[in-house]
Amino acid sequence: MDSLQIYLTLAAILFSLGMFAVMTRRNAIAILMGIELILNAANLNFIAFARFGGMNLTGHIFAIFVIVLAAAEVAVALAIIINLYQNFKSINVDEAQQMKQ
Amino acid sequence: MNIFLQYSLLIYFLPLIAFGIQIFIGKRLPRQGDWVSISAVLATLVLSIALFAGMLLDYNPDFKQNFSFTWLETVNFKISMGFLIDNITIIMLLVVSIVSSASHIFSLKYMEGDPRYSRFYAYLSLFTFSMNGIVLANSLMLLYMSWELVGLSSYLLIGFWFEKDSAANAGKKAFLTNRVGDIGFFIGIMLLFTAIGSFSYADVFSGVAAGKITGNLLTLAGIGLFMGAVGKSAQFPLHIWLPDAMEGPTPVSALIHAATMVAAGVFMMVRVFPILTLDALIIIAYIGGFTAFFAATIAITRTDIKQVLAYSTLSQLGYMIMAIGTGAYTAAFFHLVIHAMFKANLFYGAGSVIHGMHHSLHKLNDHKTDAQDMRNMGGLRTKMPVTYWAMLISSLAISGVPLFSGFLSKDAILAGTLALVERTHSHHILLFFGFGAALITAFYMFRMIFLTFHNDPQKPKIFAHIKESPTAMLIPLVVLSFLSIFIFYTLPNVNPLSDQGWFSHLIEPQESLVLGNFNPSVHEIEESLHHSHIPAMITSLIVASLGLLLAWFMYFKKILSAEVWTKRLRPLYNLSFNKYYIDELYDKFLYQPFLKLADWVAYLDWDIYDKYVINGFGRVTEWVAKIVGIADYEGLDQGIVDSFGRNTQRMGHSLRKIQTGKIQNYVLFAALAVVILLIIQML
């Protein structure tokens, strides 16, 4: 088993764990953490391809780009969650269903 | 411009202008504008006198001026209109303007305080304009138009006090009865026009002389024209409107229904005399003679002073028509002129009496007593001397007493009748009509005079408040009384027994123009007239004095009791009193069947046609519409159009269920989809 495959397998496990968290959690913070896991799985893929797949510098740049994006995303998402909490006194996403008919 | 044309244009249009001013701004003028109409009519009087004086100075029987302009021109024919001025026109213009002026002046007091005072004068002006149109017309077209216009003014004036139902109905009756005659008149005119192609008298005469229309057709045309005269001059059987027309104000009765308009029929017959065939003339003579006698017998039993005069007018018009029929048409025109004066005078006299009665009744606060009933009068001679003398003179004139005008013309007519009988040795009944009517006329006129002015007052209370009428009403009476004296019609001759004078010189009989005619020539008529003059005069004097004496004994001396004779002659009295039941006969045999027919047609129209056919269409349409409506609504709307909506909604409802609003679900679906896509790709 060569090293690229190991990395990719690790990334797939990470992605699946993130996906699972997003789908099953009701807590908004937990969903956010799942998303972070998914992003990091993607980052791991970029790095692995940069090292073994010939993506070279592009992979690094993308990885850094994704980290910046994730930071911004967290900032926005946390702001949303604070607002959510202020409105519903809860961060359970199931309770935010005013717009459902 | 020709002086005659100028004069006639002024005479024609001045009253029309006065009418226009009166009808639009009359009420806002000072004195409600009566001076506008009066000055217009006085101007026509002055102009007519000027024309008349010119005619007398000229003294030419053949004087004739014709002015004509094209009114309408099409490819096929041309209609021209204009004025014809000859001696007949000038004399008639003078008659119209004298009586019309008298009427205008009389109305100053008679109509004083009427709420529609200015409109009354407007109508009088309209009438004067229309009547002058008849007189001046040189064609049957303008004649017919003016003829209808006088009919309109007559209608408006009879119904002037339209608050009274009787007046409104009388106006309608006059208008509709005239319509019957006018249909015949129109047919007559169109027969002549179709054959000759022109309306003007000159063309019609030359057309007839050239034989463009002959025989029975010409007789028919003549009878058609005569039907117009029967309507307008109220001859039997269309006489029924004239007595009712007395509902109008008295000056109107004098002007329109005694002196001028009703004479228009006679005037028209005088104008068209040369084209009348022998057959037509005989019919005319019989209708005229019958009316003269028949109306006179009705007048005997009238108690309303105006009704007596109305039937007397009918009778005198009958005389004129009979004179035309017998060929003595100058006598007819002579009588027309003379009758206009004394009959207008009688009506003004009656108006004066009624005015006095009204004032007295007003003072007594009595609104029930009839101011026109002679049984409420009596003895008025001392209270109203001027009126009395005026009416006495006119009554002497109408009765045919020598020294008064009526004697001359009546004598001429009776001589004409006698001459006809002598020429033809038949038609003796006309003599009976003529002399009989003369006797009765004298009788009923003096019955009226005695009942109204002589003996003791029958209602002393009313009598106590009677006063002579104001001066404005007496002026016409005095003037017209003078004009009832023979001398004005015979100058330069002063023999009271002969009708020779300026009139007989200026109005010459005309030869008949009918081709192959059997009409007697002018010479023959003149000859026989000459022969019959003396016997006719003597007979008429005898019958007139008989009638007068009878009235004297019955109503003045009371030797013969009117009541006893009424009882003895009960059936005759009833006939006369009920006007021979003519109105009832018309009602029974004309109006009621017609109303029944109208009812029946109305039934057909409304109950059958409307309700079944017309409404049937409606019902069928409604029924079809219902079916179409059901098909449209239930089938198309509900079935097809709405089902799209319903199905869409149903689909939406079922699809909605997967829109849970939970992010996790969507993510799950997305992940599943990715998995499925991957599997598909791998396969």
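B:Asn455 counts as partly exposed because 16 C-beta neighbours lie inside 10 Å. In this classification a residue is buried if 20 or more other C-beta atoms lie within 10 Å of its own, exposed if 12 or fewer, and partly exposed in between, with C-beta atoms placed from the backbone. B:Asn455 is found in the loop between helix 17 (428-453) and helix 18 (460-464) of chain B. Helices here are DSSP runs (H or I, at least four residues), numbered from the N terminus. Although B:Asn455 is not a glycine, its phi is positive, at about 60°.

This is a predicted model, in which local features need pLDDT of at least 70 and side-chain atom pairs count only at pLDDT 80 or more, whereas totals for chains, interfaces and linings use all residues. Residues are numbered from 1 along each chain as its sequence is written, and chains are lettered from A and ligands numbered from 1 in the order in which they are written. The model scores ipTM 0.76 and pTM 0.77. Chain B has an average pLDDT (the predictor's confidence in each residue, from 0 to 100) of 87, and 99% of its residues score at least 70.

**Backbone geometry in loops**

A positive phi also occurs at B:Lys579, a residue other than glycine, where the value is near 55°. B:Lys579 is found in the loop between helix 24 (570-577) and helix 25 of chain B. With 20 C-beta neighbours inside 10 Å, B:Lys579 counts as buried. A further backbone feature is the cis peptide bond that joins B:Phe236 and B:Pro237, with omega about 5°. B:Pro237 is placed in the loop between helix 8 and helix 9 (241-244) of chain B. Most residues other than glycine have a negative phi, and most peptide bonds are trans.

**Residues in helices**

Helix 25 of chain B spans residues 582-656 and contains B:Leu590. B:Leu590 counts as exposed because it has 10 C-beta neighbours inside 10 Å. B:Asp610 also has its place in helix 25 of chain B, but is partly exposed, with 13 other C-beta atoms within 10 Å. Leaving aside neighbours within four places in sequence, B:Asp610 is in contact with B:Asp605 and B:Asn615; contact requires that the C-beta atoms of two residues, placed from the backbone, lie within 7 Å. B:Ile25 belongs to helix 1 (residues 3-25) of chain B and is exposed, with 12 other C-beta atoms within 10 Å.

The table lists C-alpha separations for these residues.

| Residue pair | Separation along the chain | C-alpha separation |
|---|---|---|
| B:Leu590 and B:Ala332 | 258 residues | 33 Å |
| B:Ile25 and B:Tyr7 | 18 residues | 27 Å |
| B:Asp610 and B:Gly188 | 422 residues | 40 Å |

**Helix packing**

Two packed helices are described by the angle between their axes and the distance between the axes. Axes are lines fitted to C-alpha atoms, for helices over the stretch in contact, and angles run from 0 to 180 degrees between N-to-C directions.

The axes of helix 8 (residues 215-232) and helix 11 (residues 261-272) of chain B come within 7 Å and cross at roughly 160°. Helix 8 and helix 11 of chain B are therefore roughly antiparallel to each other. Angles under 35 degrees count as roughly parallel, over 145 as roughly antiparallel, 65 to 115 as roughly perpendicular and the rest as oblique. The crossing of helix 8 and helix 11 of chain B is left-handed; a crossing is left-handed if the near helix is turned anticlockwise from the far one by less than a right angle, and right-handed if clockwise. Residues making this contact include B:Leu225 and B:Phe226 of helix 8 of chain B and B:Met261 and B:Val262 of helix 11 of chain B. By class, the contact has 10 nonpolar, two polar and one charged residues. Nonpolar residues are Ala, Val, Leu, Ile, Met, Phe, Trp, Tyr, Cys and Pro; charged residues are Asp, Glu, Lys and Arg; the others, Gly among them, are polar.

Helix 16 (residues 405-424) and helix 22 (residues 522-557) of chain B pack at an angle of about 120°, with their axes 7 Å apart. Helix 16 and helix 22 of chain B are therefore oblique to each other, and helix 16 of chain B passes helix 22 of chain B in a right-handed crossing. Among the residues that meet are B:Leu414 and B:Arg423 in helix 16 of chain B and B:Ile525 and B:His531 in helix 22 of chain B. The contact of these helices has nine nonpolar, six polar and five charged residues.

**Contact between chains**

Seven residues from chain B and seven residues from chain A take part in the contact. The side of chain B that touches chain A has four nonpolar, two polar and one charged residues.

Key
Helices (H or I, at least four residues) and strands (E, at least two) are DSSP runs, numbered from the N terminus.
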